[in-house]
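Have a look at the structure first, then read on.

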There are 2 protein chains.
Amino acid sequence: MTDLTEKFALIGVENAPGQESRQQAENLEYRGEILTGTPVDFSHGDVDAHEPTPGALEAFQAGFARGGPQAYTEYRGGGHTRNDVAAKLADFTGAAIDPDSELIITPGTQGALFLAMGALVAHGDKVAVVEPDYFANHKLTVFFGGEIVPIPMDFMKTDRNSGLDLVALENAFKSGVKLFLFSNPNNPTGVIYSDREIKQIASLAARYDVALIVDELYSRQIFDGRPYTHLAALADKPDTLITILGPSKTESLSGFRLGAAFGSAHIIDRMERLQAIVSLRAGGYNQQVLDTWFREPLGWMDKRISAHQAIRDRLVKTIMAVDGVEARTTEGGSYLFIRLPRMDVSMADFVKIVRRLAGVAVTPGTEFGPGFTDWFRINFSQDHEAAVAAMERLLTVFERYRSQ
Amino acid sequence: MTDLTEKFALIGVENAPGQESRQQAENLEYRGEILTGTPVDFSHGDVDAHEPTPGALEAFQAGFARGGPQAYTEYRGGGHTRNDVAAKLADFTGAAIDPDSELIITPGTQGALFLAMGALVAHGDKVAVVEPDYFANHKLTVFFGGEIVPIPMDFMKTDRNSGLDLVALENAFKSGVKLFLFSNPNNPTGVIYSDREIKQIASLAARYDVALIVDELYSRQIFDGRPYTHLAALADKPDTLITILGPSKTESLSGFRLGAAFGSAHIIDRMERLQAIVSLRAGGYNQQVLDTWFREPLGWMDKRISAHQAIRDRLVKTIMAVDGVEARTTEGGSYLFIRLPRMDVSMADFVKIVRRLAGVAVTPGTEFGPGFTDWFRINFSQDHEAAVAAMERLLTVFERYRSQ
């Protein structure tokens, strides 16, 4: 089983967000005292600081009360849930969605991404992946035997667009790429693709017959009133397109494991076949929680977005005060991707050091692309004051390791 | 993507339990009147007739109240849940289980089975599969590119053992099979493997270095006080062994999507890596429900088992009264596999006919092995009287199609 040994070596989870407690202790050089303060786990959002949408638990209870029909839905999700979610997502994105054939309810957006990749990637297929982008994109391609074609995104060049290299993308499509997947807003940078970029991606995919997976997980949390283009709503788009959304992030419903994918019926059909052998369905009672999605109390979503925008502003100000530290201000979502000047230790070691000396967990940039050795990602959906204090501790520790 | 087109054609869900509503209407010959009565869906258990274990919903609420740490557990499941479940499963099975390295909490036992297969089956590997056995075994092998080596089980020959062809099994192992997976009690027949059979399987697997996956989903619901041997507790067993259990069946907790797998640490590690890209984790709040597992109120489990034994007895009596109908009396679990004498229509058509004429859903035998064209499976975890009446209606419809 050498084949599997190699494959699983390539999809390790030691540095993945939330897995830090399983890291082995190592001989690291700890400089200076431990800095005390409220520990902050920036590897994912804090659903205690930003609570789940009101009514979520009650909706679960209502699902439980519905009993059998809710426990055993179709693999693609219960009919009443699909009708409701299809209407809401059509309204949100501007795309037409048939609830019977073009939508599947999944165990989180991770579940949606896995099913979409499994439905689209055959052994040896070329898959275009943005660098940087969500770390699972790389691992999923490896797992399904695909070959990664990296597409650079020069996100520090301008703030008028994402900086995706569209020439490289077209060359990749010309070279036989079957699938292009990307997150918008981008994970880890929080960059939003411009209207022109989205239209060019759609048009290129249509021209070269490339399938698209667009991960719009954070598309409800857009800052500064920036424009956002849903690719699925465009007339000029490829035949094979899957869009992914879910309530795990802005809505803080991650603990319910719910997501949704919509798009090309032939791919949704494959995704259901795969779901039947992967985990049957999203938790039956859990599905009822989607009833609350896009039905938040009046003003609730605005308040949540502005609370996050305020945290972003404080953190950006905090890091920009430090000589040589770089980041592009987050445009959507709760991620901030930060570059540190040269240190005496590697970023991999710094991440471990800062956890011990500052009580702060962050995700190393190399999870998002092999070249991001000077970068780390934070999810700033945290208690506002605790997050700022934690970042200050991290930067204090950084100075102890800054190369002279 | 011809490769994927073929693969997904082989893992269809049209005839899978619970998917009947998606079947296309066809031109079938309907003989006689519709028989009225309470509709019964024998394709899965009825959690309204046999309710979830007491305290399950309250445990979920407690998980929700725990907030962040419960929403974002490690991918393999929360530490306190793993400690608790490992101790309970060790006590139940007699196997030693390290909660840190030898156990993973999964989204249902289907989730566990998918992860175990993904961790063990490489492209081209030979996989030994019992015929009949759980339909997903076949589909999972196909999905991961394995080659199926069928092992016949002559379950109608005797009731002293399962009737598994151990000579065929050893020949398969000699021929290079990498993995053998089987359910005990067997799905769809409800047959329990004898102590001698389990010991021989373990010993053969150890001798030929074959990995084992043992699906013990229904092992808490054993009838007539029959002995049951947990392979994991044997001294003479292979290096690579995964045992799967969960609370979806006897405990009626399927709507929470919870399962567990324990065994060889190197495979549990792979399963966690895979889970990280499949759906991250079993629903965080849901995991708390495992706290109630193996802690049912005194007498509750005995009562549940005897209620099912009583339904089994009535149904076996009902079908045996019909000339030519065959079945082996269920020894564990809630399935009964039934053979009908020759009909004027195929079993595939009869299943559709009986749904319309009798309001009864059953699963065709060919889902469990290509040779079972005269068989169908029922899950008799139903309302007692409704189940008996539904079976009588089915048998009445059968007589309209019996070949003369």
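## Where the chains meet

Between chain B and chain A, the count of salt bridges is zero. Keep in mind that this is a predicted model. What the two chains do share is 17 residue pairs in polar contact, both residues of each pair being at pLDDT 80 or more.

Which helix of chain B gives the most to the side that touches chain A? That would be helix 9 of chain B, with seven residues. Sorted by class, the side of chain B that touches chain A has 36 nonpolar, 21 polar and 15 charged residues.

As for the contact as a whole, chain B brings 72 residues and chain A brings 72 residues. Putting the two together buries about 6,100 Å², and carbon and sulfur atoms give 62% of that area.

## How the copies are related

Two copies of a chain are related by a rotation about an axis and a shift along it.

## Salt bridges across the structure

Side chains of opposite charge can pair when their charged atoms come close. Searching the whole structure turns up 44 salt bridges over all chains.

One of them joins A:Asp269 and A:Arg76, at 4.0 Å from N to O. This pair links distant parts of the chain, 193 residues apart: A:Asp269 is in helix 9 of chain A, while A:Arg76 is in the loop between helix 3 and helix 4 of chain A.

## Two pairs in chain B

In chain B, B:Arg76 forms a salt bridge with B:Asp269, with the closest N and O atoms 4.0 Å apart. B:Arg76 is buried, with a relative accessible area of 2%, and B:Asp269 is partly exposed, at 27%.

Another salt bridge brings together B:Arg226 and B:Glu331, at 3.7 Å from N to O. B:Arg226 lies in the loop between strand 6 and strand 7 of chain B, and B:Glu331 in the loop between strand 9 and strand 10 of chain B, so the pair ties together parts that are 105 residues apart in sequence. B:Arg226 is partly exposed, at 27%, but B:Glu331 is buried, at 3%.

How values were computed: Residues are numbered from 1 along each chain as its sequence is written. Chains are lettered from A and ligands numbered from 1 in the order in which they are written. This is a predicted model: local features need pLDDT of at least 70, side-chain atom pairs count only at pLDDT 80 or more; totals for chains, interfaces and linings use all residues. Side-chain values use heavy atoms; hydrogens and water are left out. Contact means heavy atoms within 4.5 Å. Buried area is the accessible area (1.4 Å probe) that two parts lose on being put together, summed over both. A salt bridge is a side-chain nitrogen of Lys or Arg within 4 Å of a carboxyl oxygen of Asp or Glu. A polar contact is a pair of N or O atoms within 3.5 Å; within protein, one must be able to donate a hydrogen and the other to accept it, and residues adjacent in sequence count only if both atoms are side-chain atoms. Helices (H or I, at least four residues) and strands (E, at least two) are DSSP runs, numbered from the N terminus. Ala, Val, Leu, Ile, Met, Phe, Trp, Tyr, Cys and Pro count as nonpolar, Asp, Glu, Lys and Arg as charged, and the others, Gly among them, as polar. Buried means under 20% relative accessible area, exposed over 50%, partly exposed in between (1.4 Å probe, protein chains only).
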